[in-house]
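Subject: A structure for you to look at

Hello,

I am passing on the structure we talked about. Please open it first, and then read my notes below.

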Amino acid sequence: MAVKIYVVFYSTYGHVAKLAEEIKKGAASVEGVEVKIWQVPEILSEEVLGKMGAPPKTEAPIITPQELAEADGILFGFPTRFGMMAAQMKAFFDATGGLWREQSLAGKPAGIFFSTGTQGGGQETTPLTAVTQLTHHGMVFVPVGYTFGAKMFDMASVHGGSPYGAGTFAGDGSRWPSELEQEHAFHQGKYFAGITKKLKGGSA
C-alpha cells in the first residue's frame with residue numbers, strides 16, 4: 001500500500017507555493033510514495049488581497065482539517081508574519097481541535113518549510129514557534145537537519161532554509177526561490193518521504 005504524503009501550504013504571493021511544488025517533486029521521487037498538494041483556506045477578503053497586490057491563488061484544492069488524518073505524513077509550508085507563521089495557517093491549526101481530541105494526528109511525521117522577507121526575518125524563529133502546533137498533536141517533527149550536505153554551507157549566494165526545513169527569501173516580493181533554495185526543497189521532500197516510508201513500514 002502506497003505511503004500517502006500531503007503537502008499543505010499557505011502562500012500570499014506564490015513563494016511558498018513554489019517551494020511546495022518542489023517538495024512535492026522530491027517526495028514523489030521516492031518509490032511507493034503518493035503525494036498530494038493542498039492549500040489552506042484564505043481568511044482575508046478579495047478586497048484586502050487586491051489592495052495587497054496578491055496574485056490569484058494556485059489551483060491546489062482547499063483542505064479541511066479532517067482530511068489531514070488521511071495522510072501518513074504531512075509537510076506544512078507558510079510565510080512569516082513578524083517571525084511566526086502567517087495567520088492563515090494558524091487559523092487552520094486552530095480549527096484542528098476535533099483531530100486533537102481524537103488524537104488523529106498523533107504519531108504522524110510532520111515537516112515545515114517557509115518564506116521570510118529578509119535574512120533576519122524568521123528563518124529559524126518561524127519553524128521553531130510552529131513546532132508547538134505539531135507537539136500538541138503528538139506529531140513527530142522531522143527536521144531536514146544538515147542532510148542537504150555542503151550546500152547548507154554555501155556562502156557564494158544568499159539563500160534561505162535552515163536545519164528546520166527549506167526556506168526562501170521573498171524580499172519586497174520580487175525575489176523568487178533561487179535554484180539552490182528549490183534544490184533544498186526537493187531534497188526535503190525526498191528526505192521526508194523516505195523517513196515517512198520507514199516509519200509506516202515499521203508500524204506493521
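Let me start with Glu 183, which touches Phe 148 and Lys 151, leaving aside residues up to four places away in sequence (contact means heavy atoms within 4.5 Å). This is a predicted model, where local features need pLDDT of at least 70, side-chain atom pairs count only at pLDDT 80 or more, and totals for chains, interfaces and linings use all residues. Residues are numbered from 1 along each chain as its sequence is written, and side-chain values use heavy atoms, with hydrogens and water left out.

Glu 183 sits in helix α6 (helices are DSSP runs of H or I with at least four residues, strands are E runs of at least two, and both are numbered from the N terminus). The C-alpha atoms of Glu 183 and Ala 170, 13 residues apart along the chain, are 17 Å from each other.

Helix α6 (residues 179–201) also meets helix α1 (residues 15–28): their axes come within 6 Å and cross at roughly 45° (axes are lines fitted to C-alpha atoms, for helices over the stretch in contact, with angles from 0 to 180 degrees between N-to-C directions). Among the α1 residues that meet α6 are Leu 19 and Ile 23, and on the α6 side they include Ala 185 and Phe 186.

Finally, the UniProt record, an unreviewed entry, annotates residues 5–192 as "domain: Flavodoxin-like"; such annotations may be inferred rather than shown by experiment. Over residues 5–192 the chain is 33% helix and 19% strand, with the end C-alpha atoms 9 Å apart.

Best wishes
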